[in-house]
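Student: Could you walk me through how this fold is put together, starting with whatever pairing you like?

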Amino acid sequence: MARQPDGRIVVGVDGSPLSRAAVRWAARLAGLTGCALEAVTVWDFPCLYGDHGLVPPALDGFAPERRAAEILDETLAGCTAALDVRRRLPAGPPGPALVAAAEGATALVLGSRGRSAPPGAALGTVSQYCVHHAPCTVVIVRD
């Protein structure tokens, strides 16, 4: 039996332009409905992207969880000033981690594709996974 929604809007954040659009959309929805906003950036060593592509794990000082937190903070800056935003940094594959974070949520909001999707793809693999497996309403924000 499905749980009753607990009044959270969960938004997936990967730092991409569509992720930023999803955060703005989710923040507006949270503001209109009075729901809490929970921003989730998933990290999975070594599959974390930096400004110039995949960051090799052999770099001294490479801390994927810290970089995920930076991406989350950078993406949320300025978009959510009037809201109390919960931040989560789960480790693991992004699709399953976002689905788990959305358990009991009112909605899961995602950009239609992230940094690794092929140009022109309507949906990235994480968005596709979440559409098929999320336990709540999924909102896909497109460009």
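**Strands, then helices**

Tutor: Bear in mind that this is a predicted model. As a place to begin, Glu38 stands opposite Arg86, a residue of strand E5.

Student: How many bridges join E2 to E5, and do they run parallel or antiparallel?

Tutor: Strand E2, residues 36-40, is joined to E5 by four bridges, and the two strands run parallel.

Student: And what order do the strands of the sheet come in?

Tutor: The sheet is an open one of five strands, ordered E5-E2-E1-E6-E7, and its pairing is parallel. Strand E5 (85-88) and strand E7 (137-141) stand at the edges with a single partner strand each, so one side of each has no neighbour in the sheet. From one strand to the next, the twist averages 25 degrees.

Student: Which helix lies across E2 and E5?

Tutor: That is helix H2, made of residues 64-76, and its direction is at about 155 degrees to that of E5.

Student: Switching to helix packing, what is the angle between H3 and H4, and how far apart are their axes?

Tutor: Helix H3 (residues 94-101) packs against helix H4 (residues 125-133) at an angle of about 40 degrees, and their axes are 9 Å apart. That angle makes H3 oblique to H4, and the crossing of the two helices is right-handed.

Student: Which residues make that contact?

Tutor: From H3 the contact uses Pro94, Gly95, Pro96, Leu98 and Val99, while H4 brings Val126, Tyr129, Cys130 and His133.

Student: Which residues of H3 are buried, and what covers them?

Tutor: The buried residues of H3 are Gly95, Ala97, Leu98, Val99 and Ala101. Their cover includes H4 together with strands of the sheet, namely E1 (8-12), E2, E5 and E6 (107-111).

Student: Where does Gly104 lie, and is it buried or exposed?

Tutor: Gly104 sits in the loop between H3 and E6. Gly104 counts as buried because its relative accessible area is 5%, and the cut-off for buried is under 20%.

Student: How far is the C-alpha atom of Gly104 from that of Gly7?

Tutor: The C-alpha atoms of Gly104 and Gly7 are separated by 8.3 Å, although the two residues are 97 residues apart along the chain.

Conventions:
Residues are numbered from 1 along each chain as its sequence is written. This is a predicted model: local features need pLDDT of at least 70, side-chain atom pairs count only at pLDDT 80 or more; totals for chains, interfaces and linings use all residues. Side-chain values use heavy atoms; hydrogens and water are left out. Axes are lines fitted to C-alpha atoms, for helices over the stretch in contact, and angles run from 0 to 180 degrees between N-to-C directions. Angles under 35 degrees count as roughly parallel, over 145 as roughly antiparallel, 65 to 115 as roughly perpendicular and the rest as oblique. A crossing is left-handed if the near helix is turned anticlockwise from the far one by less than a right angle, and right-handed if clockwise. Contact means heavy atoms within 4.5 Å. Two strands pair if DSSP finds at least two bridges between them. Buried means under 20% relative accessible area, exposed over 50%, partly exposed in between (1.4 Å probe, protein chains only).
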